[in-house]
Amino acid sequence: MWDKLQDPYHLVALYTALNALIILVLGILVTRARVVTQVDIGDGGKPEMAGPLRAHGNNIEWTPMGILLLWMMAPLGGMPWMFNVVGISLTLGRLIHGIALSTNTGPSTLRVIGMLLTWIAYIAGIALVIYLGFIYAPDTSAITGDQ
């Protein structure tokens, strides 16, 4: 099992699954809030709907591009540490931010930490994709047959 944590595609799969789980849980929290508040669509003007709705919505806004950055690093020859820098930052950031926003509608230190970790994941992912795609040049001649 541990050897799979060295494979780029397995690392992408791991962080995709973990972030999908976060999205699922946040979606369930929205449904629970809808049942409690008896609101079918939107927030129904009820403040207790705002936190769960924004936690889920914000996660849906930020997670896909983070996963796409991870995915792009795999065929470009990314090394395991690169996936972990982006994946751990993204996953912890989304988890912390989701918890903070779904339980508290006001500003909080946890929300800030969650967003900072997400931004770190984005910055690292962007830089690594550019590096791997345009600067780093692994020897692919054995794969392509080029001389």
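Predicted model: local features only at pLDDT ≥ 70, side-chain atom pairs only at ≥ 80, totals over all residues.
1. On the H2 side the contact takes in Gly51, Pro52, Arg54, Ala55, Asn58, Asn59, Trp62, Thr63, Gly66, Ile67, Leu70 and Met73. Facing them from H3 are Met82, Phe83, Val86, Gly87, Leu90, Arg94, His97, Gly98, Leu101 and Ser102. By residue class, that contact splits into eleven nonpolar, nine polar and two charged.

2. How do the two helices lie relative to each other? H2 and H3 (residues 80-103) have axes that come within 9 Å and cross at roughly 175°. Angles over 145 degrees count as roughly antiparallel, so H2 is roughly antiparallel to H3.

3. Gly66 deserves a look of its own. This glycine sits in helix H2 and is one of the H2 residues that meet H3. Is Gly66 buried or exposed? Its relative accessibility is 2%, so Gly66 counts as buried, the cut-off being under 20%.

4. What does Gly66 touch, once residues up to four places away in sequence are set aside? The answer is Val86, Leu90 and Tyr122. Val86 and Leu90 are both on the H3 side of the contact in point 1. There's also a C-alpha pair to check: Gly66 and Ile126 are 60 residues apart along the chain, with 9.2 Å between their C-alpha atoms.

5. Now the other partner of H2. Helix H1 covers residues 8-37 and H2 covers residues 47-73; their axes come within 9 Å and cross at roughly 165°. That makes H1 roughly antiparallel to H2. As for handedness, the H1 and H2 crossing is left-handed. The residues in this contact comprise 17 nonpolar, seven polar and two charged.

6. Last one: Thr37, which belongs to helix H1 and has the number at which the H1 range, 8-37, ends. With 5% relative accessibility, Thr37 counts as buried. Where does the side chain of Thr37 reach? It goes to the backbone oxygen of Ala33, at 2.7 Å. Leaving out residues up to four places away in sequence, Thr37 touches Lys46, Glu48 and Met49.

Conventions:
Residues numbered from 1 in each chain as written. Heavy atoms only, no water. Axes fitted to C-alpha atoms, helices over the stretch in contact; angles between N-to-C directions. Helix = DSSP H or I, 4+ residues; strand = E, 2+ residues; numbered from the N terminus. Parallel < 35°, antiparallel > 145°, perpendicular 65-115°, else oblique. Left-handed = near helix turned anticlockwise from the far one by under 90°. Nonpolar A, V, L, I, M, F, W, Y, C, P; charged D, E, K, R; others polar. Buried < 20%, exposed > 50% of the residue type's maximum accessible area, 1.4 Å probe, protein only. Polar contact = N/O pair within 3.5 Å; in protein donor to acceptor, adjacent residues only side chain to side chain. Contact = heavy atoms within 4.5 Å.
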